[in-house]
Amino acid sequence: MEDSVEDLFSNLPDEILSCIVSFLPNESALETSLISTRWRDLWNQVLVIHGTTEDITGVVAGFLACFEEHDPLKHPRKLQFHFAEDSALFAAIATNNKLLLEFSAGNKDHQRHYELQFKLNKQHITHQPVPPSFLVKTLYLKSVSYLTSEVASSIVSNLEHLERLIIIECSGLQSLFIESETKLHKLTILDCLQLKSLHLRTSKLKSFQYCGPLPLIWLESHFNLSDAILDFRLGPTSSDFKAQDFNETLLTIKNSQVLTLCEWTFEALIWPSISPPNGNFIFYKLRELWWISNHEDENSMDGLISFLKLCPALEQLYVTIDPRSFSSPRSNSCIMQATKYAELEHLKLIKFMGFTNRVDEISVAKNLIQLVKGKPPKIETSNGSYLDVMFMQ
């Protein structure tokens, strides 16, 4: 009986199978790709088009306009657009209103510098908006280059409903401007190693994730981030970077609940602005801290201990050791003496990552436990085992 049912489906044309999928909920529809090679091929159909660089914006707009969220197999979910001599754009539509745009270009184009301007407001729309059947709310934008910078700006600026933007590995990008009045809530920038200037005109960001050298960040409006990843372990883009250049960014993370921070960023850019007599700066809402340090000497954790004294509500602490992480000239003794003592009453977990020496882990753990009031936290080492906290006390 099962064989006859399977034969019945295998004999149906693609159009009928696509129609069947259109009646299924999104999660169930996706599971049909696991049934057989034929079903998987239906989901992996690629629309291949050839044209010029000037055609890219219109082709992408047309690709999105044809897609029907309630009938996901009616048209291909993937686009491969070839332009210029050896360049291409790969586009893919995913569930939950996600769009991936990945560019490829010849190596000669990768080192040319350029800027990107994304103006996510209705007055900047230049192409026919995507029909209500599919609104791009999350965009993954990867490997934009000088050659495709203008079309990338045009495409993104036409996505007026964009809520989350992820920019990845854009070689040569030196200046980035983003304007969004209400919609954009999450911004992620990863491995754009030449970026020197980040200009944000938005007041609704709740999540900001950055991994790469620290650029000059210009914020026209204040916003409160609930989670922030400030992974500047590669150091600043300029040797002239001063603490006051970071003050606006500092204010956006004051009320964060989850924060990733490098040791050098705290010591060189945050501490000079909040140390007495400049004010009593406390991270009252911080629950989860990811700390990145190069741990180059026995005093290198003084900065972490000083920062923890500003986090009375902390529940989880993750400490990553990266010997390649940038370090700045420090005066840890001054930091330790000037910071007010605040006990950690809610800390439940400390996790070490990247340590190569068990003795170092125990030494750091002993210093951290001194800040804890009440029940000691679990302490997980880099190899996954746990330290005996009672023994260390």
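The questions and answers below work through salt bridges, a helix and a pocket in a predicted model.

Q: Why is the contact between Glu220 and Arg201 called a salt bridge?
A: The closest N and O atoms of Glu220 and Arg201 are 3.0 Å apart, and a salt bridge asks for a side-chain nitrogen of Lys or Arg within 4 Å of a carboxyl oxygen of Asp or Glu, so the pair meets the definition. Glu220 lies in the loop between strand E12 (216–219) and strand E13 (227–231), whereas Arg201 belongs to strand E10 (residues 197–202), so the bridge ties together parts that are 19 residues apart in sequence.

Q: What makes Glu220 and Arg201 buried, partly exposed or exposed?
A: Glu220 has a relative accessible area of 36% and Arg201 one of 32%; because buried means under 20% and exposed means over 50%, Glu220 is partly exposed, and Arg201 counts as partly exposed as well.

Q: How do you know that Glu315 and Arg287 form a salt bridge?
A: Their closest N and O atoms are 3.9 Å apart, and the cut-off is 4 Å, so this pair also counts as a salt bridge. The pair links distant parts of the chain, with Glu315 in the loop between helix H9 (302–308) and strand E16 (316–321) and Arg287 in the loop between helix H8 (263–274) and strand E15 (288–293), 28 residues apart. Glu315, at 28% relative accessibility, is partly exposed, and Arg287, at 34%, is partly exposed too.

Q: Which parts of the chain does the salt bridge between Lys351 and Glu380 tie together, and are the two residues buried or exposed?
A: The closest N and O atoms of Lys351 and Glu380 are 2.9 Å apart. Lys351 lies in strand E17 (residues 349–353) and Glu380 in strand E18 (residues 378–380), so the bridge joins parts that are 29 residues apart in sequence. Both Lys351 and Glu380 are buried, which means that each has under 20% relative accessible area.

Q: What makes Asp231, Arg233, Asp322 and Arg324 one network?
A: These four residues are joined by salt bridges that share partners; the structure holds seven salt bridges.

Q: How do you know that the span of helix H11 is close to the expected one?
A: Helix H11 (residues 358–369) has 12 residues and reaches 16 Å from its first C-alpha to its last, close to the 16 Å expected at 1.5 Å a residue.

Q: Why are the buried residues of H11 said to be on the same side?
A: The buried residues in H11 are Glu361, Val364, Ala365, Leu368 and Ile369, and they cover an arc of only 135° around the axis, which puts them on the same side of H11. An α-helix has 3.6 residues a turn, so residues three or four places apart point the same way.

Q: Which element gives the most to the lining of the largest pocket?
A: Helix H6 does, with four residues. Strand E5 (114–119) and helix H6 (149–157) each supply at least two lining residues, and the lining includes Thr53, Tyr114, Glu115, Ser149 and Glu150. The volume of this pocket is about 300 Å³.

Technical notes: Residues numbered from 1 in each chain as written. Predicted model: local features only at pLDDT ≥ 70, side-chain atom pairs only at ≥ 80, totals over all residues. Heavy atoms only, no water. Buried < 20%, exposed > 50% of the residue type's maximum accessible area, 1.4 Å probe, protein only. Expected span 1.5 Å × (residues − 1). Arc of directions from axis to C-beta. 1 Å grid on protein atoms, 1.4 Å probe; cavity = no way out; pocket = protein on both sides within 12 Å on 5 of 7 lines; lining within 4 Å. Points joined across faces, edges and corners; volume = space filled by probe spheres on them.
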